[in-house]
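Subject: Structure handover

Hello,

Here is the structure for you to look through. My notes on what was found follow below it.

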Amino acid sequence: MPDLVVECPVRLTESNRDELRLLYADLRDHYARRDARDGTRTTLHFVWSGVLDADLFGATYADQRHVFAASRPILNSARDAGGLQETNRWLSGSPQPNGASLRT
């Protein structure tokens, strides 16, 4: 089963948390259907721009855990003037039968 990574550029603000929850649910459903059809395993890579408030990020990370419920690997990174910085916030789906590695 091939692993695919989809980068999702996003900005986190106090006012868009509800919209992000809807986005997470839409992405979960879309990639579940597509992966089942194509025999792939898609990792969603959320690339956050702007200043990441720790409380807001913690809340949206909890939303991701709730919505995705380990259905697929999720990576969160922050983009700043210095480039892409991993936040070390991974959510991982269950191990694959073919032994494909998932970073946790």
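Helices (H or I, at least four residues) and strands (E, at least two) are DSSP runs, numbered from the N terminus. This is a predicted model, where local features need pLDDT of at least 70 and side-chain atom pairs count only at pLDDT 80 or more, while totals for chains, interfaces and linings use all residues. Residues are numbered from 1 along each chain as its sequence is written, and side-chain values use heavy atoms, with hydrogens and water left out.

First, the overall layout. The protein has two helices and four strands. Along the sequence they follow the pattern β-α-β-α-β-β. There are 104 residues, and 41% of them count as buried (under 20% relative accessible area, with a 1.4 Å probe and protein chains only; exposed means over 50%, and partly exposed is in between). Now take contacts, meaning heavy atoms within 4.5 Å. Among those between residues at least 6 apart in sequence, 65% join residues at least 24 apart.

Next, helix α1. This helix covers residues 17–38, 22 residues in total. From first C-alpha to last it reaches 31 Å, close to the 32 Å expected at 1.5 Å a residue. That expected span is 1.5 Å times one less than the number of residues. The buried residues of α1 are Leu-20, Tyr-24, Ala-25, Leu-27, Tyr-31, Arg-34 and Asp-35. They pack against β1 (3–11), β2 and α2. An α-helix has 3.6 residues a turn, so residues three or four places apart point the same way. Just after α1, Gly-39 takes a positive phi of about 70 degrees.

Then Thr-42. This residue sits in strand β2, which spans residues 41–49. Is Thr-42 buried or exposed? Thr-42 is buried, because its relative accessible area is 0%. Leaving out residues up to four places away in sequence, Thr-42 touches Leu-4, Val-6, Tyr-31, Arg-34, Asp-35, Arg-72 and Pro-73. Tyr-31, Arg-34 and Asp-35 are also among the buried residues of α1. With Asp-35 there is a polar contact, side chain to side chain, at 2.7 Å. A polar contact is a pair of N or O atoms within 3.5 Å; within protein, one must be able to donate a hydrogen and the other to accept it, and residues adjacent in sequence count only if both atoms are side-chain atoms.

Last, Ala-69. Look for it in the loop between α2 (54–68) and β3 (74–80). Ala-69 is exposed, with a relative accessible area of 55%. Ala-69 and Arg-28 are 41 residues apart in sequence, and their C-alpha atoms are 9.7 Å apart in space.

Best wishes
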